[in-house]
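Please read the points below with the structure open beside you.

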Amino acid sequence: MKREVDNVKKSGTMDFGMFVITIILLCVGLVMVASASSYHALIYYGDSNHLFKRQLIFALAGVVGMIAIANIDYKKYKKWGYLGFILAAILLLLVITPLGVTVNGAKRWLGVGESLRFQPSEIMKPVLSIAVATYLSRNVKKLNNIKGYIVPIIMVLIVVLLMYLQKHMSGMLVLIVAGVSVIFASGIKLKVKTILAGVLIIGMVAVAFVMAEDFRLQRIFSFFNPEQDIQDGNWQAAQSLYAIGSGGLLGRGLGQSRQKYLWLPEAQNDFIFSILGEELGFLGTSIVVILFAFFICKGFLIAMKCKDFYGTLIVSGIMSVFAVQILINVAVVTSSMPVTGMPLPFFSYGGTSLLINLCAMGVVLNVSKNCNN
């Protein structure tokens with residue numbers, strides 16, 4: 001009997017608040033996908049609920065995966081952290097081979113057809129955080145100077161190179177955040193000149209990446225000249241602002257968006273927040289932003305409360321990825337930064353992204369459950 005009681009104490013309980021907020025965001029996101037995708041799905045598939053039904057299937061699979069992962073002790077990931085990184089890197093490499101699938105002019109997928117297609121960069125987001133955290137937690141004694149971080153930095157650089165070859169700037173940015181946030185969470189001590197050198201190098205890489213393709217330069221010019229070239233470079237940004245602006249305080253009403261009638265291209269994807277603003281107004285978008293803020297704060301609170309170094313690092317990486325995606329997506333749709341492809345977690349249409357995000361939350365919930373044992 002005593003042994004059974006001890007086992008119950010060791011298992012702990014996951015953070016119920018984080019679980020609830022995740023499910024709420026998921027449900028609101030599904031409602032918005034149903035609304036934003038209805039006309040697009042009707043025109044291209046003959047069924048206004050086609051995309052919603054696909055998203056719902058991935059959502060259900062994701063919830064099952066989240067609950068299952070929440071019951072697998074995250075400390076076991078140390079055995080598979082490096083292997084997971086290698087496999088995810090191989091998948092990223094395959095994208096730039098003839099096996100890669102091109103969608104809307106971007107070659108970032110693997111698979112066959114529309115139903116059997118996934119984006120390896122989504123898989124790499126949590127995997128990179130886990131791999132870097134695995135190395136750092138296994139080599140704590142080496143972390144007294146920059147040399148102890150060479151291996152994690154190489155991991156990040158490998159991913160950056162693969163994303164550069166895919167010409168996937170937004171994905172590259174998120175993955176840099178995934179790796180660097182774990183490194184900083186480990187307590188790395190940097191001199192001012194090292195920080196300045198790092199900022200300079202990152203800045204130079206960013207400039208080179210932007211100048212490598214004419215369309216990226218065009219997006220920069222369009223951002224600084226928002227009233228010009230509305231028929232071309234500024235079309236999405238302008239339609240997004242029209243949607244948000246016309247929503248007013250309370251919105252047109254759920255399902256009543258006008259911009260989703262192909263004025264705002266594929267509104268169910270990266271610009272779904274615009275449809276949210278149009279249909280539910282300032283009040284609706286404010287509530288969603290508050291929910292996301294609570295979600296991020298709750299996640300980092302789990303990381304800070306965790307008594308296990310490994311658990312703290314993993315959650316820091318995963319929540320940093322969520323935070324930067326939310327921030328950039330909202331900034332893009334409100335024309336606060338140049339247009340770039342960045343999905344809004346739990347909202348934007350996309351099976352791979354939704355499934356991986358929910359599984360990543362399973363890891364966070366498991367850390368909240370086991371990190372104090």
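1. Helices (H or I, at least four residues) and strands (E, at least two) are DSSP runs, numbered from the N terminus. In this sense Lys 107 has its place in strand E2, which covers residues 106-112. This is a predicted model, in which local features need pLDDT of at least 70 and side-chain atom pairs count only at pLDDT 80 or more, while totals for chains, interfaces and linings use all residues. Residues are numbered from 1 along each chain as its sequence is written, and side-chain values use heavy atoms, with hydrogens and water left out.

2. Lys 107 is partly exposed, with a relative accessible area of 31%; buried means under 20% relative accessible area, exposed over 50%, and partly exposed in between (1.4 Å probe, protein chains only). Not counting residues up to four places away in sequence, Lys 107 touches, among others, Val 95, Ile 96, Thr 97 and Gln 166, where contact means heavy atoms within 4.5 Å. The C-alpha atoms of Lys 107 and Gln 119 are separated by 9.7 Å, with the two residues 12 apart along the chain.

3. For the protein as a whole, the secondary structure comes to 14 helices and 3 strands. Its C-alpha trace spans about 65 × 55 × 40 Å along the principal axes, and buried residues make up 48% of the 373 residues. Among contacts between residues at least 6 apart in sequence, 72% join residues at least 24 apart.

4. The largest nonpolar core has 91 residues, and those with the most contacts inside it are Met 124, Leu 128, Phe 295, Ile 314, Phe 346 and Phe 347. Such a core is a set of buried Ala, Val, Leu, Ile, Met, Phe, Trp, Tyr and Cys residues joined through side-chain atoms within 4.5 Å. Helix H13 (residues 309-333) gives the largest share of this core, 13 residues. Leaving aside neighbours within four places in sequence, Ile 314 is in contact with Tyr 74, Tyr 77, Ser 129, Ile 130, Ala 133 and Val 363.

5. Which residues of H13 meet H14? On the H13 side they are Gly 311, Ile 314, Val 315, Ile 318, Met 319 and Phe 322, and in H14 they meet Asn 357, Ala 360, Met 361, Val 363, Val 364 and Val 367. The residues of this contact divide into 10 nonpolar, 2 polar and no charged, where Ala, Val, Leu, Ile, Met, Phe, Trp, Tyr, Cys and Pro count as nonpolar, Asp, Glu, Lys and Arg as charged, and the others, Gly among them, as polar.
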